[in-house]
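Dear colleague,

Please find below the sequence and coordinates that I am handing over to you.

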Amino acid sequence: MIFCFSDIDFDKVVEEYGAMISPNDILLFTREVVGLVDMPAELSGKTSIFKGIVEYSGDKGVIIVVAMRAKIGEKIFNSAMVIDNGHILGVSDEITPQKGYVGSSTVRTYCTSRGKICVFVDSDICYPSLWQSALSGCRYIFNLNSSDTDNERISSAKTLANASGKYVLCKFLDSGVCINSYGKIESIKWGKMTAFYLPLTFAVGRTVKSKIKFVDEQDSRWRTQ
């Protein structure tokens, strides 16, 4: 499953929804979960905003993609960190930032235990020139937004989904929008927590108390390209 969270702090995520989360799930956090992060202080151990999140990822065996405002000196980036089973894989920055933010140079992909994922931050998904990474063998394409539902970004995500033949999941502050591999909206869910299942090629039923909870991938270590 892919769980999306907004307008809630991390401790509340664990307290209210932790029982629903299982190994190999993916969690997407909008930037309200952690807010502004002083990256030099965080990396040097002077602050510990990500410590609990990283430990939870390792203990639970999940992937977490968490958006944030990353402060480095006087510069602020609109960013998203990717954590896989207790290991930080890297940080993606918005390339075409809002006023007041500093841009990066490339849309990043990450080879995770659930396959290769591509992360678009905010409006970057609206620029086809930035799509190449998503078209290169990605299993999942995510768009984390710091705004409410935006029709332009959904329209761009539809085109990208159709071009790549992959599902695209857009997480906004007020909703989650799941777009299927044909470029059609499959579902829109509202609220501070939304959950989606993105179909996979090989699947088996995962059961809870002898009842199927949801369909999950048989081999989580997918061969990436």
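The notes below go from the conventions to the overall picture, and then to individual sites.

This is a predicted model, in which local features need pLDDT of at least 70 and side-chain atom pairs count only at pLDDT 80 or more, whereas totals for chains, interfaces and linings use all residues. Numbering starts from 1 along each chain as its sequence is written, and side-chain values use heavy atoms, with hydrogens and water left out.

Overall picture

The protein has four helices and 15 strands; these are DSSP runs numbered from the N terminus, with helices being H or I of at least four residues and strands being E of at least two. Of its 225 residues, 51% count as buried (buried means under 20% relative accessible area, exposed over 50%, partly exposed in between, with a 1.4 Å probe and protein chains only). Among contacts (heavy atoms within 4.5 Å) between residues at least 6 apart in sequence, 54% join residues at least 24 apart. The accessible surface comes to about 10,500 Å², and 50% of it belongs to carbon and sulfur atoms; these areas come from the Shrake-Rupley method with a 1.4 Å probe, and for residues only the protein chains shown count as cover.

Nonpolar cores

In soluble globular proteins, nonpolar side chains tend to be buried together. A nonpolar core is here a set of buried Ala, Val, Leu, Ile, Met, Phe, Trp, Tyr and Cys residues joined through side-chain atoms within 4.5 Å. The largest such core has 28 residues, and Phe5, Leu27, Phe29, Phe50 and Ile64 have the most contacts inside it. Two or more residues each come from strand 1 (2-5), helix 1 (10-17), strand 2, helix 3 (51-60), strand 4 (63-72), strand 5 and strand 13 (193-196). Strand 4 gives the most, with four residues. Another core, of 21 residues, lies apart from this one and includes Ile2, Ile117, Val121 and Cys178.

Phe50 is in contact with Val34, Val37, Glu42, Val66, Met68 and Met81, leaving aside neighbours within four places in sequence. Val34 lies in the loop between strand 2 (26-29) and strand 3 (36-38), and counts as buried at 14% relative accessibility. Not counting residues up to four places away, Val34 touches Ile49, Phe50, Ile53, Val66, Ala67 and Met68. The C-alpha atoms of Val34 and Ile49 are 7.0 Å apart, although 15 residues separate the two in sequence.

Thr112, in strand 7 (residues 109-112), is buried, with a relative accessible area of 10%. Its side chain reaches the backbone nitrogen of Arg114 at 3.0 Å and the backbone oxygen of Gly115 at 2.6 Å. Beyond its neighbours within four places in sequence, Thr112 is in contact with Ile63, Asp84, Leu89 and Ile117.

Asn85, in the loop between strand 5 (75-84) and strand 6 (87-93), has a positive phi near 50° without being a glycine. Asp122 has a positive phi of about 50° and is not a glycine either; this residue lies in the loop between strand 8 (115-121) and strand 9 (140-144). Asn85 is partly exposed at 30% relative accessibility, whereas Asp122 is buried at 1%.

Surface

Ile185 is found in strand 12 (residues 185-190) and is partly exposed, with a relative accessible area of 36%.

With kind regards

Definitions and conventions: Polar contact = N/O pair within 3.5 Å; in protein donor to acceptor, adjacent residues only side chain to side chain.
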